[in-house]
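Visitor: I am new to this structure. Please take me through one part of it closely.

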Amino acid sequence: MTGDDLRINPSILAADFVNMQAELARIATADFVHVDVMDNHFVPNLTFGPQMVERIQATSPVPLDVHLMIIDPDRWAPGYAEIGAASVTFHLEAASDPVALARRLRQIGARAGVAVKPATPVDGLFDVLDEFDQILVMTVEPGFGGQSFMADQMPKLARLSDEARRRGSQVWLQVDGGIAESTIAQAAEAGADTFVAGSAVFGADDPGQAIAALRGVAAAHRH
């Protein structure tokens, strides 16, 4: 698999919020910018809301990959699609009707994603893979940046990848948490094709170079 088949989505959770427009310009070679929306209820942290995301949307050189770590996404997720986010991912654990919500997001024009925490099994998603454009396997506990990569999530990711291949699904498999040059190979080998990286990109002197390096390592380890 070539680097063109992979996506590197830097997480602005690791960016300098005071200089957001300049920070976004630093990642112009990324595929998407990953925007973590936390409500201090689903996870014990608070980040952005719709107004801030709308401003990011207006200034970002790359499309938005919004990750909603919020309660009641059935109510709130469509609003992020309406803002113009290219991709909106909600948590399986928080949605009352994940398939209906995914269909609504697609209807508005966004890619529909569903995320699972480390303790959440993925078997229930197998029969509805094609209802989603992206499945996000969390490789840390959601809520905080800077956590260590959880390698024990790789078997779950590999099972999802095998099932998607068996069914001929085009769903993207994303990982988020602790992704850096030292860990991205494991995720790529397990089947991930979309990678969220925070400090590994924004903490680099040259984010563009860091994105290219991550893409190269992932491409070398994809089957």
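Which is Trp172, buried or exposed, and what is its relative accessible area?

Guide: Trp172 is buried, because its relative accessible area is 18%. Buried means under 20%, exposed means over 50%, and partly exposed lies in between, with a 1.4 Å probe and protein chains only.

The model is predicted: local features need pLDDT of at least 70, side-chain atom pairs need 80 or more, and totals for chains, interfaces and linings use all residues. Residues are numbered from 1 along each chain as its sequence is written, and side-chain values use heavy atoms, without hydrogens or water.

Start with the rings. The whole structure holds three aromatic pairs. One joins Phe17 and Phe48 edge-to-face, at 5.3 Å between centres and 65 degrees between planes. Rings of Phe, Tyr and Trp (its six-membered ring) pair if their centres lie within 6.5 Å; planes under 30 degrees apart are stacked, over 60 edge-to-face, the rest tilted. These two residues are 31 apart, in the loop between E1 and helix H1 (20-26) and the loop between E2 and H2. Helices (H or I, at least four residues) and strands (E, at least two) are DSSP runs, numbered from the N terminus. Phe17 is partly exposed at 40%, while Phe48 is buried at 8%.

Trp172 belongs to another pair. Its partner is Phe32, again edge-to-face, at 6.0 Å and 70 degrees. Phe32 sits in the loop between H1 and E2, Trp172 in strand E7 (residues 172-176), 140 residues away. Phe32 counts as buried because its relative accessibility is 10%.

The charged end of Arg7 sits over the Trp172 ring, 3.5 Å from its centre. That requires NZ of Lys or CZ of Arg within 6 Å of the ring centre and within 35 degrees of the ring normal.

Follow Arg7 to its strand. Strand E1 (residues 7-10) is covered on both faces: Arg7 and Asn9 on one side, Ile8 and Pro10 on the other, are all buried. E1 pairs with strand E8 (residues 194-197) in the parallel sense, over four bridges. Strands pair if DSSP finds at least two bridges between them. Val196 of E8 is the bridge partner of Asn9.

Gln134 lies in strand E6 (residues 134-138). Beyond its neighbours within four places in sequence, its contacts (heavy atoms within 4.5 Å) include Trp172, Asp65, Gln174 and Thr194. At 1% relative accessibility, Gln134 is buried. Its side chain makes a polar contact with the side chain of Gln174 at 3.1 Å, and another with that of Asp65 at 3.4 Å. A polar contact is a pair of N or O atoms within 3.5 Å; within protein, one must be able to donate a hydrogen and the other to accept it, and residues adjacent in sequence count only if both atoms are side-chain atoms.
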